[in-house]
Amino acid sequence: MSLSETEIAQLLKLLRRTEDRELNCEQCLALVAEFAESHLAGKSIPAGLQAIEQHLAVCGECLEEYEALRLTLDGLRGGRDA
Ligand SMILES: [Zn+2]
């Protein structure tokens, strides 16, 4: 099987577009604290962090990490829910 140059170009474009929109776990975890803080502070989520939300919707591991972080932050803020 071989791809034509056009097909390869299309494929690369597709990959790049996916990369733009989606984070990998490393990128997600690097920003998830900021995301959790914005969330807890009741601020609107900055455009740059909305990709986090998308990633959390599809990645259980990062979601777990986020939940743990949220609980910790919430506890630090006085544990309203405790
Ligand atoms: Zn992840």
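1. A salt bridge here is a side-chain nitrogen of Lys or Arg within 4 Å of a carboxyl oxygen of Asp or Glu. By that criterion, a search of the whole structure, which is a predicted model, finds one salt bridge.

2. The salt bridge is formed by Glu67 and Arg70, whose closest N and O atoms are 2.7 Å apart. Both residues belong to helix H4, which covers residues 60–76. Because they are three residues apart in that helix, about one helical turn separates Glu67 from Arg70. Glu67 is partly exposed, at 31% relative accessibility. Arg70 is likewise partly exposed, with a relative accessible area of 30%.

3. The next point is the metal site. Which atoms coordinate the zinc ion? They are SG of Cys25, NE2 of His55, SG of Cys59 and SG of Cys62, at 2.0 to 2.3 Å. The angles among the four donor atoms run from 103 to 115°, and the site is tetrahedral. A site with four donors is given that label if all angles lie between 85 and 135 degrees.

4. Along the chain, the donors of the zinc ion follow the spacing C-x29-H-x3-C-x2-C. Cys25 is in helix H2, whereas Cys59 is in the loop between helix H3 (50–58) and H4, so this pair ties together parts that are 34 residues apart in sequence. Cys25 is partly exposed, with a relative accessible area of 33%, while Cys59 is buried, at 12% relative accessibility.

5. Helix H2 spans residues 25–40 and also holds Ser38. Is Ser38 buried or exposed? Ser38 has a relative accessible area of 8% and is buried, because buried means under 20%. Leaving aside residues up to four places away in sequence, Ser38 touches Lys43, Ile45, Pro46 and Leu49.

6. A nonpolar patch lies on the surface, formed by Leu3, Ile8, Leu11, Leu12 and Leu14. Together these residues have about 420 Å² of accessible area. One of them, Leu11, is located in helix H1, residues 5–21. Leu11 counts as partly exposed, at 44% relative accessibility.

How values were computed:
Residues numbered from 1 in each chain as written. Predicted model: local features only at pLDDT ≥ 70, side-chain atom pairs only at ≥ 80, totals over all residues. Heavy atoms only, no water. Helix = DSSP H or I, 4+ residues; strand = E, 2+ residues; numbered from the N terminus. Buried < 20%, exposed > 50% of the residue type's maximum accessible area, 1.4 Å probe, protein only. Contact = heavy atoms within 4.5 Å. Patch = residues over 30% accessible without salt bridge, like charges linked within 9 Å, V, L, I, M, F, W, Y side chains within 5 Å. Areas by Shrake-Rupley, 256 points an atom, 1.4 Å probe, with all protein chains shown as cover. Donors = N, O, S within 2.8 Å, 3.2 Å for Na, K, Ca; no water. Tetrahedral: all angles 85-135°; square planar, octahedral: opposite > 155°, others 65-115°.
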